[in-house]
Amino acid sequence: MGLVNFLVYLAIMMGIYAILSLSLNLQYGFTGLANFGHVVFFCLGAYMSTIIVLVFKMPFILGLLGGMVVAGLFGYIISIPTANLKEDYWAIATLAAAEIVRIFFLNEDWVVGGGPYQGGAFGIGGIPQPLRSLFSAHTYPFFYLVIVLVCLVATYIIINTLTQSAFGRVIKSIREGDNLPQALGKDVKRFRMKVMAVAGSFGGLAGCLWAHYHGFISPNQFLPLETFIIWAMVIVGGKANNKGAILGAVIIMIFYNSTRFLKDYIPIEAVTLASLRMVAIGILIVVAMLFMKEGLIKEKKTLY
Amino acid sequence: MTVVQVVINSIVRASELTLLSLGLTIVYDMLKFANFAHTEFAVVGVYLALFLNVTLGLPIIPAAIIASGATGVFSILVDRAVFKKMRSSSGIIIMVTSLGLAIALRNTIRAIWGADAQNYAVPLQTPIITEYFRITPIQIWIILVGLAAMFAFHLLLHHTKLGKAMRASSDNPELAQASGIATEKIITWVWFMAVTFASLGGILIGLETYILPYMGFAIIVPVFCATIMGGIGNPYGAMLGAMVLGFAENFGLYIDFGKIINLGGILNFSKELFIPTGYKPAISFVLLILVLLIRPRGILGKKKEG
């Protein structure tokens, strides 16, 4: 893999994870919802888009929208029973919900029509890439990078506008406790559900982009581990700051992808290296929570 | 499989879960945060016992006891290094920290011992086979240790000064401190007991099945489910929750739901309808969400928070 190719790959990954990190930041940073199952949106977006494009032979853009709608709907639905729970119950409930969805895709291969597309534990291959025929194998990644960046910019603008609006002020007050927004007559539960729907659909968007870039998805790519990597991004970058969320995604992705070259220089097994990499991410979360609670870019304090 | 066999399997599972849930519930109660590293501490104990048992050749019983005690001490050190600095932080901050700790612990174990399944050096188990069921000596051990742990816990809570101080500190930390109870000392004991019990539970699971770095993550949802079902901070609730979950997991796969839908033969919708075994892990997840939906304060519902 040439250096340029690697950098383009890295940039695409950064873009996709930045979208995930922005959408987790909307939940945790702004609203105080500790979603430990964020990967479920990523997973649903990837699967829905794949089913729509591969099985039903629809265009990419419909897959993208379909993935976003389904992931957003899922966010809305799982918050119906859980929206009034305390944050620790919320965390375990979302973790469980994400695993149920993953187990579903692991066990049911008929959702992708079975047969030629496999599905289940084998995963699904041959997911078409949008407008692939217009580009050569060499130039296509650059085009895909443009798609990812357009999506990232759109996500940033929408979430940023949202958090600076009246809606943003309400969800920030929810983060500080239910009493104030309730005294102002805000329906706290509805706001939480809306946040989950919006954040869910952007998580779904990231999933679609991921599936069509790699051309292959399987339930093993959506383990809870992914959720924790996104958490590290939000915590390191700076919660409740959208620029921070993107910075966090960039830093963690550089760290995550550059350490894989270490095995060329140090005699170390790939499995051990992968473990050590996750040890570092775990320690990073602990250290950041202890000494750098606000993250690299602090939340802007505004007087209203 | 006979009903008796399913009941035995359920009780074995419940005993394992009890050992893990008891610890989670007292830490939760004392420090007011959901400790996502709880089951990972248990796995540290599991691998320490593996080291003592397989590498150093110690018999399994002393190996399990030493490893569990050592893991208890290890958790105290972690508390001093990390959680003690966050006593005044909100529960959500400490919870996220414990998540980071869990990831670090799990992967440290994987880096040292590898990702493959391993086993303790114990002689091959000859099961006791009767007409209705079969049970291995290890399964009998699991049930006995589970019962002993419950009994020891009850004695500790209600018949020792430490238990009284623990209950006082959890009900009202300020008042307890004003009455001369050294809260920090109690917290140290709580960590030690919680993690020692959890490690023992983990080792028993390892003895019954096999040892994997991911086993801690595999049981975190069932353990949380049992704890929440019983009502957080309620050890007796945790025991009851573990029992309900143990039975639900085993009977969930055993019951023919087709018969229930057909109302025992009156209707005729479907012939047989079993939950596929691939969904066994999902049973506790679904149960957890149902419990949160219907009774977020647990079956016994002792605690005021929800």
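What follows is a chat about side-chain contacts, helices and cysteines in a predicted model.

User: Before we start, what kind of model is this, and what are the ground rules?

Analyst: It's a predicted model, where local features need pLDDT of at least 70, side-chain atom pairs count only at pLDDT 80 or more, and totals for chains, interfaces and linings use all residues. Residues are numbered from 1 along each chain as its sequence is written, chains are lettered from A and ligands numbered from 1 in the order in which they are written, and side-chain values use heavy atoms, with hydrogens and water left out.

User: Is Cys208(A) buried or exposed?

Analyst: Buried, with a relative accessible area of 0%. Cys43(A) is buried too, at 2%. The cut-offs: buried is under 20% relative accessible area, exposed is over 50%, and partly exposed is in between, using a 1.4 Å probe and protein chains only.

User: Switching to aromatics. How many pairs over all chains?

Analyst: The structure holds 30 aromatic pairs. One of them is Tyr47(B) with Trp113(B): the ring centres are 5.0 Å apart and the planes sit at 40°, so it's a tilted pair. Rings of Phe, Tyr and Trp (its six-membered ring) pair if their centres lie within 6.5 Å; planes under 30 degrees apart are stacked, over 60 edge-to-face, and the rest tilted.

User: Where are those two in chain B?

Analyst: Tyr47(B) is in helix H2 (residues 38-55) and Trp113(B) is in helix H4 (residues 91-113), so the pair links distant parts of the chain, 66 residues apart. Helices (H or I, at least four residues) and strands (E, at least two) are DSSP runs, numbered from the N terminus. Tyr47(B) is buried at 0% relative accessible area, whereas Trp113(B) is partly exposed at 26%.

User: What about Phe153(B) and Phe197(B)?

Analyst: Their ring centres are 5.4 Å apart with planes at 55°, so that pair is tilted. Phe153(B) lies in helix H5 (residues 137-159) and Phe197(B) in helix H8 (residues 183-208), so the pair ties together parts 44 residues apart in sequence. Phe153(B) and Phe197(B) are both buried.

User: How do H5(B) and H8(B) run relative to each other, parallel or antiparallel?

Analyst: Their axes come within 10 Å and cross at roughly 170°, so the helices are roughly antiparallel. Axes are lines fitted to C-alpha atoms, for helices over the stretch in contact, and angles run from 0 to 180 degrees between N-to-C directions. Under 35 degrees counts as roughly parallel, over 145 as roughly antiparallel, 65 to 115 as roughly perpendicular, and the rest as oblique.

User: Which residues meet there?

Analyst: On the H5(B) side they include Ile142(B), Val145(B), Ala149(B) and Phe153(B), and on the H8(B) side Met193(B), Phe197(B), Leu200(B) and Leu204(B) are among them. Contact means heavy atoms within 4.5 Å.

User: Back to chain A. Which residues form the aromatic cluster?

Analyst: Phe6(A), Tyr9(A), Phe135(A), Tyr140(A), Phe143(A), Tyr144(A) and Tyr213(A).

User: Which charge sits over the ring of Tyr256(A)?

Analyst: The charged end of Arg277(A), 4.3 Å from the ring centre. Lys194(A) lies over the face of Phe191(A), at 5.1 Å from the centre. The rule is NZ of Lys or CZ of Arg within 6 Å of the ring centre and within 35 degrees of the ring normal.

User: What does Leu26(A) touch?

Analyst: Leaving aside neighbours within four places in sequence, its contacts include Ile159(A), Thr163(A), Ile171(A) and Val195(A). Leu26(A) is in helix H1 (residues 3-30) of chain A and is buried at 0% relative accessibility. Leu26(A) and Ile159(A) are 133 residues apart in sequence, yet 7.4 Å apart in space, C-alpha to C-alpha.

User: Last one: what's the phi of Lys57(A)?

Analyst: Near 55°, a positive value in a residue other than glycine. Lys57(A) lies in the loop between helix H2 (39-55) and H3 of chain A, and counts as exposed at 60% relative accessibility. In chain B, Lys32(B) has a positive phi of about 60° although it isn't a glycine; that residue is in the loop between helix H1 (3-31) and H2 and is partly exposed at 40%.
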